Amino acid sequence: MMRANRALGSSLVEHNLITVEALDAANERLLELNANESNENVSLLHILVYEKQSLTEEQVLSYEVEEMGLGMVDLSNYDQPYDLRKKLELDACRATWTVPLDVEEGMHFLATAYYLSPAVRSYWERQLETPILWFVTSMENIGDFLRKLQIERDNEGMGLRNK
């Protein structure tokens with residue numbers, strides 16, 4: 001998680017989306033939160049957007065779509081294939097703010113709020129070892145998707161225990 005956040009911060013500065021000073025302040029806050037909380041939603045981007053208000057998530061998404069040519073996806077009503085959903089590692093998805101959506105003909109489709117983090121992209125490239133088609137989405141969209149998946153898994157687990 002820390003590597004993904006560090007790489008994202010450097011990339012945001014490199015792409016002139018935030019200043020070095022804004023990054024330093026957000027990194028201090030990130031370290032503080034990680035020391036005091038075990039919150040899976042702690043992220044550098046969240047701190048920059050919501051606490052420090054150094055940029056908006058819309059600015060990041062617009063940059064990724066307009067300057068990098070990425071597509072945008074809304075996961076709200078996305079029906080992920082059962083086989084993929086079943087083997088998804090939620091901790092890895094939370095740490096990288098990324099969700100594999102589908103796989104077709106040997107190509108994975110991923111949605112991420114952390115595309116600008118080279119560490120996130122290389123992590124998934126190593127894990128999947130297939131070509132990847134990247135889409136961007138908001139942190140809220142990823143978070144909601146992962147919460148629904150966690151509830152689904154919890155309910156399945158309860159069903160197994162009740163039999």
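The model is predicted. Helix α1 spans residues 2-14, and its axis comes within 7 Å of the axis of α7. Four strands form an open sheet with mixed pairing.

**Helix α1**
- Helix α1 has 13 residues and reaches 18 Å from its first C-alpha to its last, close to the 18 Å expected at 1.5 Å a residue.
- Its buried residues are A4, N5, A7, L8, G9, S11 and L12.
- The cover over these buried residues includes α2 (20-36), α3 (44-51), α4 (57-66), α6 (90-96) and α7 (118-128).
- Just after α1, N16 takes a positive phi of about 60 degrees.

**Packing of α1 on α7**
- The two axes cross at roughly 130 degrees.
- That angle makes α1 oblique to α7.
- On the α1 side, R3, A4, A7 and S11 make the contact.
- On the α7 side, the contact residues are P118, A119, V120, S122 and R126.
- By type, the residues of this contact divide into five nonpolar, two polar and two charged.

- Strand β2 pairs with β3 (residues 107-112) in the antiparallel sense over six bridges.
- E104 has M107 of β3 as its bridge partner.
- Helix α7 lies across β2, β3 and β4 (132-136), and runs at about 145 degrees to β4.

Notes: Residues numbered from 1 in each chain as written. Predicted model: local features only at pLDDT ≥ 70, side-chain atom pairs only at ≥ 80, totals over all residues. Heavy atoms only, no water. Helix = DSSP H or I, 4+ residues; strand = E, 2+ residues; numbered from the N terminus. Expected span 1.5 Å × (residues − 1). Buried < 20%, exposed > 50% of the residue type's maximum accessible area, 1.4 Å probe, protein only. Contact = heavy atoms within 4.5 Å. Pairing = 2+ DSSP bridges. Axes fitted to C-alpha atoms, helices over the stretch in contact; angles between N-to-C directions. Parallel < 35°, antiparallel > 145°, perpendicular 65-115°, else oblique. Nonpolar A, V, L, I, M, F, W, Y, C, P; charged D, E, K, R; others polar.
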